[in-house]
Amino acid sequence: MYLPPRHAEIIQMAKDNGRVLVDDLASHFGVTPQTIRKDLNDLCDQRMLTRVHGGALFPSGIENMQYEARRKIAADEKDAIGRAAARLIPDSASLFVNIGTTTEAVSNALLDHQGLMVITNNINVANRMRVYPSLEVVIAGGVVRGADGGIVGEAAVDFIRQFKVDYAVIGASAIDHDGALLDFDFREVKVAQAIIANARHVILVADSTKFERTAPVRIGHLSQVDTFITDTCNVEAIRTICRDSEVDLLETTRE
């Protein structure tokens, strides 16, 4: 399919960064925001992007976007979510931290804690936390996924099942409006399910762009978590599920 040069560049920018913003694109190309909105609407009509408030996302489907691109999406929001989650976890607690850019933000916010035992299948988390003598880091065995340093597979599942911890910090690639928590890799999902089953308090961390995405593999349901931390929740169905299931919904923009 032929794309005008500006459209092609917008697609490439979205692919590289995970999402594009109207104001940034208008400045980059020297055109009006109205022109960019039309460009984005045209690309979304062709299903090449997914429209969100203020911009557009590189579309998900059966395959996740590159890890570094995912890091850039809602980076400030993820940092705020990480700090909020860290405030819930006391010193000397045991916890799981699984794969994801938002769970990594949580791990970064936990670095000033004392006496934590952190069990993870995320090499990036283990590498960041291992140098702090006040933190004990335990890493799962299994297949290392080259794309993001996640450890997946049956060996990782069996490893996780050896523990019963105080807290679990989990992420999701997408959250359906019916409360389904979704991801892309069934091997990663098996590990996440074991983490949920073996923690006393499950903390789901996900920014609001996850309400706009989709993924094919079901982790579980929002009702299975104890606390859900996001930047903002504008999906009334999600609020209803949290209320009816007694899930504590924390929004960092309302703090």
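Visitor: Is Thr-102 buried or exposed?
Guide: In this predicted model, Thr-102 has a relative accessible area of 3%. Buried means under 20%, so Thr-102 is buried.

Visitor: Where does Thr-102 lie?
Guide: Thr-102 belongs to helix H6, which covers residues 101-109.

Visitor: And what is Thr-102 in contact with, leaving aside neighbours within four places in sequence?
Guide: With those neighbours set aside, the contacts of Thr-102 are Lys-78, Ile-81, Val-205, Ala-206, Asp-207 and Lys-210.

Visitor: Let us follow Lys-78. Where is Lys-78 found?
Guide: Lys-78 sits in helix H5, residues 75-88. Its relative accessibility is 4%, so Lys-78 counts as buried.

Visitor: A new topic: how many aromatic pairs does the structure hold?
Guide: There are two aromatic pairs. One of them joins Phe-159 and Phe-163, whose ring centres are 5.3 Å apart and whose planes meet at 55°. Planes under 30 degrees apart would count as stacked and those over 60 as edge-to-face, so this pair is tilted.

Visitor: Are Phe-159 and Phe-163 buried or exposed?
Guide: Phe-159 counts as buried at 17% relative accessibility, and Phe-163 counts as buried at 19%.

Visitor: What about the pair of Phe-211 and Phe-228?
Guide: Phe-211 and Phe-228 make an edge-to-face pair, with 6.2 Å from centre to centre and 90° between the planes. This pair links distant parts of the chain, 17 residues apart. Phe-211 is in the loop between strand S12 (199-205) and strand S13 (217-221), while Phe-228 is in strand S14, residues 227-230.

Visitor: What are the accessibility values of Phe-211 and Phe-228?
Guide: Phe-211 has a relative accessible area of 7% and is buried. Phe-228 is at 0% relative accessibility and also counts as buried.

Visitor: How many residues are in the largest nonpolar core?
Guide: The largest nonpolar core has 37 residues. Those with the most contacts inside it are Phe-96, Leu-204, Leu-222, Phe-228 and Ile-238.

Visitor: Which elements give two or more residues to this core?
Guide: They are helix H8 (154-160), strand S9 (165-170), helix H9 (186-197), S12 and helix H10 (236-244). H9 gives the most, with six residues.

Visitor: What does Ile-238 touch, leaving aside neighbours within four places in sequence?
Guide: Ile-238 is in contact with Ile-175, Asp-176, His-177, Gly-179, Phe-211, Leu-222, Phe-228 and Cys-233. Both members of the edge-to-face pair, Phe-211 and Phe-228, are therefore among the contacts of Ile-238.

Visitor: What does the second, separate core include?
Guide: That core has 22 residues, including Val-106, Leu-116, Ile-203 and Val-205.

Visitor: Turning to the backbone, what is the phi of Ser-92?
Guide: Ser-92 has a positive phi of about 65°, although it is not a glycine. Most residues other than glycine have a negative phi. Ser-92 is in the loop between H5 and strand S4 (94-97), and at 60% relative accessibility it counts as exposed.

Visitor: And what is the phi of Glu-246?
Guide: Glu-246, which is not a glycine, has a positive phi of about 60°. Glu-246 is placed in the loop between H10 and strand S15 (248-251). At 74% relative accessibility, Glu-246 counts as exposed.

Visitor: Next, where is Val-20, and is Val-20 buried or exposed?
Guide: Val-20 is in strand S1, residues 19-21, and counts as buried at 5% relative accessibility. Not counting residues up to four places away in sequence, Val-20 touches Ile-10, Met-13, Ala-14, Leu-25, Leu-40, Gly-54, Gly-55 and Ala-56.

Visitor: Finally, how much space lies in the second largest pocket?
Guide: About 330 Å³ lies in that pocket.

Visitor: Which residues line the second largest pocket?
Guide: Its lining has 15 residues, and His-53, Ser-208, Thr-209, Glu-212 and Asn-234 lie nearest the centre. By class, the lining has four nonpolar, six polar and five charged residues.

Definitions and conventions: Residues numbered from 1 in each chain as written. Predicted model: local features only at pLDDT ≥ 70, side-chain atom pairs only at ≥ 80, totals over all residues. Heavy atoms only, no water. 1 Å grid on protein atoms, 1.4 Å probe; cavity = no way out; pocket = protein on both sides within 12 Å on 5 of 7 lines; lining within 4 Å. Points joined across faces, edges and corners; volume = space filled by probe spheres on them. Nonpolar A, V, L, I, M, F, W, Y, C, P; charged D, E, K, R; others polar. Phe/Tyr/Trp six-rings, centres within 6.5 Å; stacked < 30°, edge-to-face > 60°. Buried < 20%, exposed > 50% of the residue type's maximum accessible area, 1.4 Å probe, protein only. Helix = DSSP H or I, 4+ residues; strand = E, 2+ residues; numbered from the N terminus. Core = buried A, V, L, I, M, F, W, Y, C linked by side-chain atoms within 4.5 Å. Contact = heavy atoms within 4.5 Å.
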